[in-house]
Each structure stands twice: as C-alpha cells, then as structure tokens.
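Grab a pencil and work through these exercises with the model open beside you. Try each task on your own before you read its solution.

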Amino acid sequence: AQSVTQLGSHVSVSEGALVLLRCNYSSSVPPYLFWYVQYPNQGLQLLLKYTTGATLVKGINGFEAEFKKSETSFHLTKPSAHMSDAAEYFCAVSDSPDDMRFGAGTRLTVKP
Amino acid sequence: KAGVTQTPRYLIKTRGQQVTLSCSPISGHRSVSWYQQTPGQGLQFLFEYFSETQRNKGNFPGRFSGRQFSNSRSEMNVSTLELGDSALYLCASSLAVGRSLYEQYFGPGTRLTVT
C-alpha cells in the first residue's frame with residue numbers, strides 16, 4: 001500500500017523567498033502524485049499532479065513539482081513567495097484509480 | 001459554474017445524537033466522495049458514490065453512512081455521535097469514479113463539533 005510523508009508540519013518563509021515543501025512517498029507501482037492547497041475555511045484545491053511523462057510538473061499560482069523516482073520524492077517549489085500563498089499544503093499519492101492517500105499537511109506561513 | 005456546496009457549514013451536536021450532512025456537486029459531476037479531516041488523523045477517505053451506488057469505502061465504523069440521489073446530491077449520516085467525530089467533513093465531486101483519474105473539486109466543508 002502506498003503512503004506519503006510530508007517533512008515539516010510548519011514552514012515559514014519571507015515574502016519573495018523560495019518556497020520548498022517536501023514530500024516523500026512509498027509505492028509498489030508507478031504512482032500518481034498530487035499537491036493540493038487548502039486556504040482557511042475552504043476545501044482543498046488541486047495545485048498540480050503527476051501521472052506519466054515529464055517529471056517536472058507546472059501547476060497553478062506559479063508552483064511546480066518534480067517527480068524524482070530514485071529519491072521517491074515529489075517536492076513542491078515556488079521561486080518567490082507571496083503573502084497569498086499562506087495556506088496548508090497536502091501531498092497525495094495514488095497507485096490505483098480508486099485509492100488516494102494524503103500526507104499530514106504542511107502549513108506555510110509567509111512573513112512580510 | 002457553481003462550485004461544490006455543503007450544508008450546513010457549522011454544526012454542534014451532543015454525544016449520542018445523529019447528524020446528516022449534505023453535499024451538492026458541481027453540475028454534471030456524478031461522483032461524490034466524502035472525507036473526514038482532523039488535526040490528529042489528517043484527511044481520511046470515508047466513501048465514494050457514483051450513480052447512487054457506493055463504489056468505494058474507507059475504514060470507518062458502520063455509524064458512518066451515506067447515500068446519493070438521482071440528481072447526484074449526496075448526504076452522509078453519522079449515528080450515535082462520539083466526541084472523536086468532531087471534525088471538518090469535506091465533500092468532493094468529480095466527473096466519474098476514480099479519485100486519482102478525475103480531478104476532485106472540494107466543497108468548503110461542514111465543521112462538526114460534538115460536545
């Protein structure tokens with residue numbers, strides 16, 4: 001069964017700084033990988049997903065993630081943080097169409 | 001296009017009571033999934049409905065049940081509420097079955113507090 005680990009429950013960056021949120025997964029088959037964002041008092045919104053093909057995936061709001069099979073990682077990055085990026089971010093992994101496991105989440109704080 | 005709506009947004013119940021939560025999916029979406037979100041357990045999958053049939057189920061006790069109507073609207077019910085049922089309950093809709101194949105669109109959730 002697949003699982004996902006998000007390193008760091010809280011990450012704080014300054015506005016304009018690089019955002020790096022870490023996600024490692026375990027899966028016995030090539031996985032589908034996802035990043036979701038949850039703003040306060042809202043549901044989750046899909047940022048990006050990896051299925052097959054290009055390992056660098058671009059998403060909404062300037063975020064991107066790179067699938068590294070050798071490292072079993074799918075870290076989320078954004079070159080320059082904006083105040084509006086403050087939210088909770090969830091990594092998710094799936095190795096079958098009917099299953100998806102979410103990580104515990106990382107709360108991103110952006111300091112002015 | 002209107003998003004996923006959930007009612008009510010907030011609910012306070014007492015232990016032992018039962019509760020029904022409602023979810024209206026995006027127009028044209030036929031699959032509805034329910035999740036429980038808590039600080040301790042994170043996001044956990046409850047069940048998925050498609051064409052009025054439960055297609056997938058998570059690892060929750062039988063006190064948690066759901067149904068889907070012909071217009072794809074869904075309800076979930078929790079009977080004999082326990083303190084540990086306090087959580088944010090999220091509903092997500094998608095075009096068809098397969099949560100990793102079809103993008104899920106989440107509603108804002110229903111915050112349930114059990115006292």
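## Exercise 1: Salt bridges

Over all chains, the structure, which is a predicted model, holds eight salt bridges.

**Task.** Find out how the side chains of Glu88(A) and Arg107(A) meet, and say where the two residues sit.

**Solution.** 
- Step 1: Start with the general idea. Side chains of opposite charge can pair when their charged atoms come close.
- Step 2: Check the distance. For Glu88(A) and Arg107(A), it is 2.9 Å from N to O, and the two side chains meet in a salt bridge. The cut-off for a salt bridge is 4 Å.
- Step 3: Glu88(A) belongs to strand S9 of chain A, while Arg107(A) belongs to strand S11 (residues 106–111) of chain A. They are 19 residues apart, so the pair links distant parts of the chain.
- Step 4: Glu88(A) has a relative accessible area of 15%, so it is buried. Arg107(A) has 37%, so it is partly exposed.

**Task.** Which residues of chain B form a salt bridge with Glu75(B)?

**Solution.** 
- Step 1: Take Arg67(B). It forms a salt bridge with Glu75(B), and the closest N and O atoms are 3.2 Å apart.
- Step 2: Take Arg73(B). Here the closest N and O atoms are 3.3 Å from one another, and again the partner in the salt bridge is Glu75(B).
- Step 3: Sort the residues by exposure, using the rule that buried means under 20% relative accessible area. Glu75(B) has 16%, so it counts as buried. Arg67(B) is partly exposed at 47%, and Arg73(B) is partly exposed at 24%.
- Step 4: Now look for a network. Arg63(B), Glu82(B) and Asp85(B) are joined into one by salt bridges that share partners.

## Exercise 2: Two residues up close

**Task.** Is Gln68(B) buried or exposed, and what does its side chain reach?

**Solution.** 
- Step 1: Locate it. Gln68(B) lies in strand S7 (residues 64–68) of chain B.
- Step 2: Follow the side chain. It reaches the backbone oxygen of Arg30(B) at 3.1 Å. A polar atom of the Gln68(B) side chain also lies 3.2 Å from the backbone nitrogen of Ser51(B).
- Step 3: Check its neighbours. Leaving out residues up to four places away in sequence, Gln68(B) touches several others, including Val32(B), Tyr49(B), Phe50(B) and Arg73(B).

**Task.** How far apart are Ser73(A) and Asn24(A), in sequence and in space?

**Solution.** 
- Step 1: Find Ser73(A) in strand S8 (residues 73–78) of chain A.
- Step 2: Compare the two distances. In sequence, Ser73(A) and Asn24(A) are 49 residues apart, yet their C-alpha atoms are 4.3 Å apart.
- Step 3: See what Ser73(A) touches. Not counting residues up to four places away in sequence, its contacts include Cys23(A), Asn24(A), Tyr25(A) and Phe67(A).
- Step 4: With a relative accessible area of 1%, Ser73(A) is buried.

## Exercise 3: Chain B as a whole

**Task.** How many helices and strands does chain B have, and what radius of gyration?

**Solution.** 
- Step 1: Count the elements. Chain B has zero helices and 11 strands.
- Step 2: A compact globule of 115 residues would have a radius of gyration near 13 Å; chain B has 13 Å, so the two agree.
- Step 3: Along the principal axes, the C-alpha atoms of chain B fill roughly 35 × 25 × 25 Å.
- Step 4: Look inside. Of the 115 residues in chain B, 51% are buried. Among contacts between residues at least 6 apart in sequence, 56% join residues at least 24 apart.

## Exercise 4: Where the chains meet

**Solution.** 
- Step 1: Count residues. Chain A gives 18 residues and chain B gives 18 residues.
- Step 2: Get the area. About 1,500 Å² is buried between the chains, and carbon and sulfur atoms give 52% of that.
- Step 3: Count the pairings. There are zero salt bridges between chain A and chain B, but three residue pairs are in polar contact across the interface.
- Step 4: Trace the strands on the chain A side. S4 (32–38), S5 (44–50), S9 (87–96) and S10 (99–102) each supply at least two residues. The largest share, four residues, comes from S4(A).
- Step 5: Sort that side of chain A by residue type. You get nine nonpolar, six polar and three charged residues.

Notes: Residues numbered from 1 in each chain as written. Chains lettered and ligands numbered in written order. Predicted model: local features only at pLDDT ≥ 70, side-chain atom pairs only at ≥ 80, totals over all residues. Heavy atoms only, no water. Contact = heavy atoms within 4.5 Å. Buried area = accessible area lost by both parts, 1.4 Å probe. Polar contact = N/O pair within 3.5 Å; in protein donor to acceptor, adjacent residues only side chain to side chain. Nonpolar A, V, L, I, M, F, W, Y, C, P; charged D, E, K, R; others polar. Buried < 20%, exposed > 50% of the residue type's maximum accessible area, 1.4 Å probe, protein only. Rg over C-alpha atoms; globule rule 2.2 N^0.38 Å.
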